[in-house]
Amino acid sequence: MSERINTKVLIVGGGPGGYVAGIRCGQLGLETVLVEAERLGGTCLNVGCIPSKAIIHVAGEFETMAHAAKAPLNGISLSAAPKIDFAETVKWKDGVVKRLNTGVAGLLKRAKVRVVEGWAVFSDAKTCTVKTKDGEVTIAAEHVILANGSVPVELPFLPFGGKVISSTGALALPVLPKRLAVVGAGYIGLELGIAFRKLGVEVTVVEALDRILPLYDAQLVAPVAKWLEKNGVALHLGAKAKGLGKDGLAAELKDGSTVDIAADNILVTVGRKPATEGWGLENMAVDMDGRFVKVDDQCRTAMKNVWAVGDLVGEPMLEHKAATQGEMVAEIIAGHKRRFDPMTIAAVCFTEPEIVSAGMSPHEAEGEDVITAVFPFMANGRALSMDGGDNGGFVRILARKSDHRVLGIQAVGAHVSELSNEFSLALEMGAVLEDIAGTIHVHPTLGEAFHESALRALGHAIHI
């Protein structure tokens, strides 16, 4: 049975950009319909941030127990090596995801947002058709918010299927592979590669560039590279994946030689691209900016009252950017004055150790007359009390020399992801070094290293 819906706001995509926009629209009293083809929560909640961090958490626990089984660890010893039933791990991870899915559905319901399950295809800028299990639904709206998200990039010579998997596949494996080849040493490849190594998998990484984690500078990446080497992760830099080999992945190494890397699974993590195909974008008369939908600083597209947010509109492809844009667009539709002009969008890499970067890096600050100061976690009591003081971690702060305005903050170390919001707040509020130095930081915390980095930039660090 066909149905027609006329609504104030139509949102396509139930990821962090879409569902946050929907909840805010509902709070503002805007009649709203949200269309989602799969599960609410999008890539982040279902196959990205949340499930990967769940697996990373389990991997860390397993690694700790495995160490304690080999030799006493800080007074703890195990009489036998731990075992893992990866299917049970995946089942637990799925439970976490389901719990959050249910929460998102409940929030949308409370905001009186109608959710239509199906794939939306636009016939013009304000009208789409959705094939649902109950029949076809045509939806026409005054405002359309596109939040279609992104999809993994597939290599033509290593199509997904069989032993070749994307990050989505890696998070749902029924059993652990004995050997895993990872194509790409960006944050997704290394986060998952490190997790699988902690779980006892033999991991080999093939990266076309001459370095790992190209988004971060060499000083930040060094502790991660050290961990990879110490823990036996084979790393081929300047190498090219060529396709399936006899027993795994065929690759051409930097010296021109070819190898066949034995692997039970090949994890391809060479990036993501905006999901622009298969839903009628060509019928909406919006402008493009390369492969992304072009928007202004209010997320307006070239078509009046058609908005786009999140991964669809460009880098960085991060949950917190999409959610912020979704919330903003809802408020603009409701008549509020808003624009998207953040001082920073912090990025976190959940490798071992973790990396956080907010604001300008030393490279980006070239040409500025800056003060740079580093405070090592080996001099931080909380880091030492968590066995996180000897992995090369630190907090680094950059400030303009003339007025001490903080321009960038980075950190690498255990649990430093938890510092990311303090870094963002400092930059967003336009803090100067004296603001950080004059703020009493709780002891014992990792945040004290941030405080000390500001003190050191001012020339009077206390604990180093």
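View 1. Phe-394 sits across from Val-412 in E24. This is a predicted model, where local features need pLDDT of at least 70, side-chain atom pairs count only at pLDDT 80 or more, and totals for chains, interfaces and linings use all residues. Residues are numbered from 1 along each chain as its sequence is written, and side-chain values use heavy atoms, with hydrogens and water left out. Helices (H or I, at least four residues) and strands (E, at least two) are DSSP runs, numbered from the N terminus. E23 (residues 394–400) runs antiparallel to E24 over six bridges; strands pair if DSSP finds at least two bridges between them. E21 (residues 354–359) also pairs with E24 in the antiparallel sense, over six bridges, and Glu-354 has Gly-413 as its bridge partner.

**View 2. Cover and turn.** Eight of the eight residues in E24 (residues 406–413) are buried, meaning under 20% relative accessible area with a 1.4 Å probe, protein chains only. Five residues lie between E23 and E24 in their hairpin, where His-404 takes a positive phi near 65 degrees.

**View 3. Helix H4.** Buried residues here include Phe-86, Val-97 and Leu-108. Just past H4, Lys-112 has a positive phi of about 65 degrees.

**View 4. Around Leu-190.** Beyond neighbours within four places in sequence, Leu-190 touches Ala-185, Val-205, Ile-212, Leu-213, Val-224, Leu-228 and Thr-351, with contact meaning heavy atoms within 4.5 Å.

Note on methods
Buried means under 20% relative accessible area, exposed over 50%, partly exposed in between (1.4 Å probe, protein chains only).
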